[in-house]
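Me: I am new to this structure and would like to learn how to read a few of its features. Could we go through them in turn?

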Amino acid sequence: MTTDLSRYDPVWRAAEPYMRARKNDVHVPLSFHWAQRLLGLYPGADRDICSLAILLHDIGWATIDMDRILREGFRGPNILQSDVRYLHETEGVRLGSEVLRQTGWSADVIAQVCEIIDGHDTRPEPRHLNDRIVRDADKLWRFGVPGIAVACDWFAMTPRAYADRLAGEFHWFELPESRTLAEAELESTRAALMLHVL
Ligand SMILES: [Fe+2]
Ligand SMILES: [Fe+2]
């Protein structure tokens, strides 16, 4: 079954001004496609809620200075509980609800999407299948070539060192299929980037 993803185009357009921050314009489309792949494996999940949540989950970064994001959100101590992490979630809820209202989504959809955005990085345990799919899609892109190319700079690491770090992070994944996908992706990324040599 093919899914018509063009129904989300108005949301992409409305969110476009927030896509320049922190390479959202690479991360978010890639994670959106990972979410579609997981949705194909989990028909019990809600396609609109997951698709809209992954599309909007990081737009809150757009209101935070990039140097501060890297200093506190990626390179400091306790990065997952840093103030900027919480701030990008609350700003994501604020901007995300505006975008969804503008594009005609119902109050119920807005509430469900915002529940996922709020806490996607900082909530210790995911709440339900939709939340799990969004969390896994958020992380899966890192294992591909673009993810390693972009994120190694955030962490001030070489591609190989960052790939080695990712090899210890498969515990991130909520769903067993996500872990299998991440393992295969990392293996092909290592080959593509010649990480056995470089
Ligand atoms: Fe995030
Ligand atoms: Fe993200």
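Predicted model: local features only at pLDDT ≥ 70, side-chain atom pairs only at ≥ 80, totals over all residues.

Me: How many degrees separate the axes of helix H2 and helix H7 where they cross?

Reply: Two packed helices are described by the angle between their axes and the distance between the axes. Here the axes of H2 (residues 24-41) and H7 (residues 129-140) cross at roughly 135° and come within 8 Å. Angles over 145 degrees would count as roughly antiparallel, so H2 and H7 are oblique to each other.

Me: Is the crossing of H2 and H7 left-handed or right-handed?

Reply: The crossing is right-handed. On the H2 side, the contact is made by Ser31, Trp34, Ala35, Leu38 and Leu39. H7 contributes Ile133, Val134, Asp136, Ala137, Asp138 and Leu140. Sorted by class, this contact has 8 nonpolar, 1 polar and 2 charged residues.

Me: Where is lysine 23 found, and what is its phi?

Reply: Lysine 23 is in the loop between helix H1 (9-15) and H2. Its phi is positive, about 55°, although lysine 23 is not a glycine.

Me: Is lysine 23 buried or exposed?

Reply: The cut-off for buried is 20 or more C-beta neighbours within 10 Å. Lysine 23 has 20 inside 10 Å, so it counts as buried.

Me: What about methionine 194: buried or exposed?

Reply: Methionine 194 counts as exposed because it has 10 C-beta neighbours inside 10 Å, and the cut-off for exposed is 12 or fewer. Methionine 194 lies in the segment after helix H10 (176-192). This residue, although not a glycine, has a positive phi of about 55°.

Notes:
Residues numbered from 1 in each chain as written. Chains lettered and ligands numbered in written order. Axes fitted to C-alpha atoms, helices over the stretch in contact; angles between N-to-C directions. Helix = DSSP H or I, 4+ residues; strand = E, 2+ residues; numbered from the N terminus. Parallel < 35°, antiparallel > 145°, perpendicular 65-115°, else oblique. Left-handed = near helix turned anticlockwise from the far one by under 90°. Contact = placed C-beta atoms within 7 Å. Nonpolar A, V, L, I, M, F, W, Y, C, P; charged D, E, K, R; others polar.
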